[in-house]
Amino acid sequence: RAQFESAIAGVVNDVHMQASILCALDSAGLNGSIHVSDDIATNHSIKAVDGYVFNIISHFHRFSDQPIQLYSCKSLLIDGIIEQVSEIHQLLERFAKEKEPLVLFALGFGDEVLQTLETNFKRGTLRVYPVKIPSEIDSINLLNDIQVVTGSRFISSLQGEIIQMADYDSLMPVDFLSLTATTVTIKNDATAQNVALHASELRRRSDAANAHDISQLLSRRIRSLTARYVNVRLAAHSQQEHLQKHEKMSQALRYATSIINSGVYENKHDNTRVGFLQALNTLPQKYISVNALLLAVQMAVATFEMLGSIDAACVLA
């Protein structure tokens, strides 16, 4: 905590901004992510969201004007358009029999499909919710990201698969899934490790990207793949003031992230390395071996992230 406060105070003089940064760090925790909004606000505000959040269109609002919250819900991802009910008829019959919810992610739905799902939902005989993936250049990436989070079956036309190949027993349950008209929020502990690895790979690609647009696209994907997401809005009287505050807060958060990941940060004013290594020198001798071991582990993890080599990480440790 002291290292956070020292790093932030070295960048930001405004005590209100310092408090906002520390509050955002507290809200995000060690595994969360923080995003500084480009919007100008009247007052500083911080909003934390639990779960993986995807900004996509849910057709369920035709069924109900209230958000839907589903527990132990199954899902199916389809790289294509469900044009006719006959394509999912057997699946619908099984879910109607089991009285369980199903969320269908697809690139589109025919009118007949939507009408059938809506009619049966209102009758109380079927709880199947259609969610449309935007028809954009990154739609396949979005499907892949959701598949990693849900661990669900992915029907891909590129691999010669058809929708009829999906059956009830092949679909995995998701801990929690919330639907609004424009967002889908997912919580699923079973896939947390796979999601972290997937996000780490996207982060590596973002760092290596030469084009700004590609880096921005990957950053949005990484944001959706963070289990706890904190959005910060900064108060400013002008666009210039907002840009200055945005840059200072981003720099302070980079320092904080460096402290979390490696225990040190680089102060650009005096180039003094502050943090874990310096703290080792002030500890009683009996703690040195334990902290040295922790440092070795941190170095090994950093080496693995940079080189992707378990052997190199183990040798360094």
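1. What share of the contacts in the protein chain with a separation of 6 or more comes from residues 24 or more positions apart? The share is 72%. Keep in mind that this is a predicted model.

2. Start with the overall picture. The protein chain has eleven helices and 13 strands. Of its 317 residues, 43% count as buried. Its accessible surface comes to about 17600 Å². Carbon and sulfur atoms make up 52% of that surface.

3. Next, the cores. The largest nonpolar core holds 31 residues. Phe54, Ile56, Phe105 and Ile146 have the most contacts inside this core. Helix 5 gives the core its largest share, five residues. A second, separate core has 22 residues, including Val85, Ile88, Leu92 and Phe95.

4. Look at helix 5 itself. The helix covers residues 139-150. Its twelve residues should span 16 Å at 1.5 Å a residue, and the end C-alpha atoms are 16 Å apart, so the two agree. Its buried residues include Leu142, Leu143, Ile146 and Val149. Gly151 follows the helix, with a positive phi near 70°.

5. Leaving aside neighbours within four places in sequence, Ile146 is in contact with Phe54, Ile56, Leu77, Phe105, Ile133, Gly151 and Ile186.

6. Is Arg221 buried or exposed? Arg221 has 8% relative accessibility, under the 20% cut-off, so it counts as buried. This residue lies in helix 7, residues 212-224. Not counting residues up to four places away in sequence, Arg221 touches Asn141, Asp145, His198, Leu202 and Arg205.

7. Now the charged pairs. Side chains of opposite charge can pair when their charged atoms come close. The whole structure has six salt bridges. One of them joins Arg94 and Asp169, at 4.0 Å from N to O. This pair links distant parts of the chain, 75 residues apart. Arg94 sits in helix 3, and Asp169 in the loop between strand 8 and strand 9. Arg94 is partly exposed at 30% relative accessibility, whereas Asp169 is exposed at 59%. Arg94, Glu98 and Asp169 are linked in a network of salt bridges.

8. Glu201 pairs with Arg204, with closest N and O atoms 2.6 Å apart. Both lie in helix 6, three residues apart, about one turn. Lys245 pairs with Glu241 at 3.4 Å. These two are about one helical turn apart because they are four residues apart in helix 8. Lys245 is buried at 14% relative accessible area, while Glu241 is partly exposed at 22%.

Notes
Residues are numbered from 1 along each chain as its sequence is written. This is a predicted model: local features need pLDDT of at least 70, side-chain atom pairs count only at pLDDT 80 or more; totals for chains, interfaces and linings use all residues. Side-chain values use heavy atoms; hydrogens and water are left out. The expected span of a helix is 1.5 Å times one less than its number of residues. Buried means under 20% relative accessible area, exposed over 50%, partly exposed in between (1.4 Å probe, protein chains only). A nonpolar core is a set of buried Ala, Val, Leu, Ile, Met, Phe, Trp, Tyr and Cys residues joined through side-chain atoms within 4.5 Å. Contact means heavy atoms within 4.5 Å. Accessible areas come from the Shrake-Rupley method with a 1.4 Å probe; for residues, only the protein chains shown count as cover. A salt bridge is a side-chain nitrogen of Lys or Arg within 4 Å of a carboxyl oxygen of Asp or Glu.
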